[in-house]
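Visitor: Please take me through this model, beginning with a helix and moving on to the cores, the rings and the sheet.

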Amino acid sequence: MEEFPVPANACSDETAARELVASLCKTVGATGCPRCRGERIYRLGSGRLRCKACGYTFHELTGRFMGIGGLSCSKWLSLISLFADERPVKEAAIHLGVAYNTVYKAMDALRQAILYQAIDARQISQALKARRAGSWPPVFGIMPRQGWVFVDLIPDVDATDLTLFKLHFRLKTSRVGSVVYTGPMRGYQGLVCCGGPDWLTPALRTKDSALPLDEDGGFWPYLRRRLEKLQGVSAEKFPLYLKEFEYRWNHQGHDMKGLLTRLAVAFVPSGE
């Protein structure tokens, strides 16, 4: 995805921030009235926008996930900058002077925006909604390739299969809290799965050593350090963190703030 540089003053100047978001909306094809989709709009003296066709009054973030919590454009850009730097929610809330829950929901929306651009986004979203007996939590495969990493949903492997594979096929496993990861399987360097404490079987509670995923300099140690800092991730949120850090790993050396701003502006509710 093309990078979109964010000037430093856009995080403190609301006019500059609004102009930048409006420009980016045009770049990603997100202009027009969010109610009737009409393109004939004009700006009011208050700074808000009005549709000539239906008379609807709105602003640049109306109908987008960036409209969450009533944050202004400049607050959103500041929050994205803090998220890009991997700042904790509590620290970001203090820095922005807004409620913890508002920042938590906004950062969750950013993770959803990252998931939204993934090839397997629809399948992952469906897996998170299904929660069928035996198929929960979802299992992912990790495949490094020439400096990149691919984290794929494995739809035909159930969470219960990991115990069977370990007991009957000597599949090595280890874990970080309730996150279980395995030795090589199906061309992947390892599988990974996260459930609640009750999901762990006696077999999965034991930790094997010398798993390829634990190799120094690889994606899993990079992710593992971040999981340990979080001090626990729910099964529902774990896929979002997986796809977030897959995206971060694959875009190292890029302007993360600019990339995330573009994703956030383009992200809209699916209507599903």
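Visitor: How many of the eleven residues of helix α10 (residues 256–266) are buried?
Guide: This is a predicted model in which local features need pLDDT of at least 70 and side-chain atom pairs count only at pLDDT 80 or more, whereas totals for chains, interfaces and linings use all residues. Residues are numbered from 1 along each chain as its sequence is written, and side-chain values use heavy atoms, with hydrogens and water left out. Buried means under 20% relative accessible area, exposed over 50% and partly exposed in between, with a 1.4 Å probe and protein chains only, while helices (H or I, at least four residues) and strands (E, at least two) are DSSP runs numbered from the N terminus. Helix α10 is largely enclosed by the rest of the structure, because its buried residues number ten.

Visitor: Which elements are included in what covers the buried residues of α10?
Guide: The buried residues of α10 include Met-256, Leu-259, Leu-260 and Leu-263, and also Lys-257 and Arg-262. With contact meaning heavy atoms within 4.5 Å, the cover includes α1 (14–27), α2 (73–84), α4 (100–116) and α9.

Visitor: How many residues make up the second, separate core?
Guide: Within the largest core, Ile-142 is one of the residues that touch the most other members. Leaving aside residues up to four places away in sequence, Ile-142 touches residues including Val-149, Val-151, Tyr-188, Val-192, Leu-213, Phe-219 and Trp-220. The second core, which includes Leu-110, Tyr-247, Leu-259 and Leu-263, is separate, and its residues number 24.

Visitor: What class of ring pair do Phe-219 and Tyr-222 form?
Guide: Rings of Phe, Tyr and Trp (its six-membered ring) pair if their centres lie within 6.5 Å, and planes under 30 degrees apart count as stacked, over 60 as edge-to-face and the rest as tilted; by this rule the count comes to six aromatic pairs. For Phe-219 and Tyr-222 the centres are 6.1 Å apart and the planes stand at 35°, so the pair is tilted.

Visitor: How far apart in sequence are the parts tied together by the pair of Tyr-222 and Trp-249?
Guide: Tyr-222 is buried, and Trp-249 is buried as well. Their rings have centres 5.1 Å apart and planes at 70°, so this pair is edge-to-face. Because Tyr-222 lies in helix α8 and Trp-249 in helix α9, the parts that the pair ties together are apart in sequence by 27 residues.

Visitor: At what distance from the ring centre does Arg-226 lie over the face of Tyr-222?
Guide: Ring pairs link Tyr-222 into a cluster with Phe-219, Phe-245 and Trp-249. A charge sits over a ring if NZ of Lys or CZ of Arg is within 6 Å of the ring centre and within 35 degrees of the ring normal. Arg-248 lies over the face of Phe-83 at 4.9 Å from the ring centre, whereas for Arg-226 over Tyr-222 the distance is 3.8 Å.

Visitor: What is the bridge partner of Ile-142 in β8?
Guide: β4 and β8 pair in the antiparallel sense over four bridges. In β8, the bridge partner of Ile-142 is Gly-190.

Visitor: Which residue in the hairpin of β6 and β7 takes a positive phi?
Guide: β6 and β7 pair in the antiparallel sense over four bridges, and the bridge partner of Val-176 in β7 is Val-179. The hairpin has two residues between the strands, and the residue with a positive phi, near 65°, is Gly-177.

Visitor: Which residue in β8 is the bridge partner of Tyr-181?
Guide: Val-179 and Tyr-181 point one way from β7, Val-180 and Thr-182 point the other way, and all are buried. β7 runs antiparallel to β8, joined to it by three bridges. In β8, the bridge partner of Tyr-181 is Val-192.

Technical notes
A nonpolar core is a set of buried Ala, Val, Leu, Ile, Met, Phe, Trp, Tyr and Cys residues joined through side-chain atoms within 4.5 Å. Two strands pair if DSSP finds at least two bridges between them.
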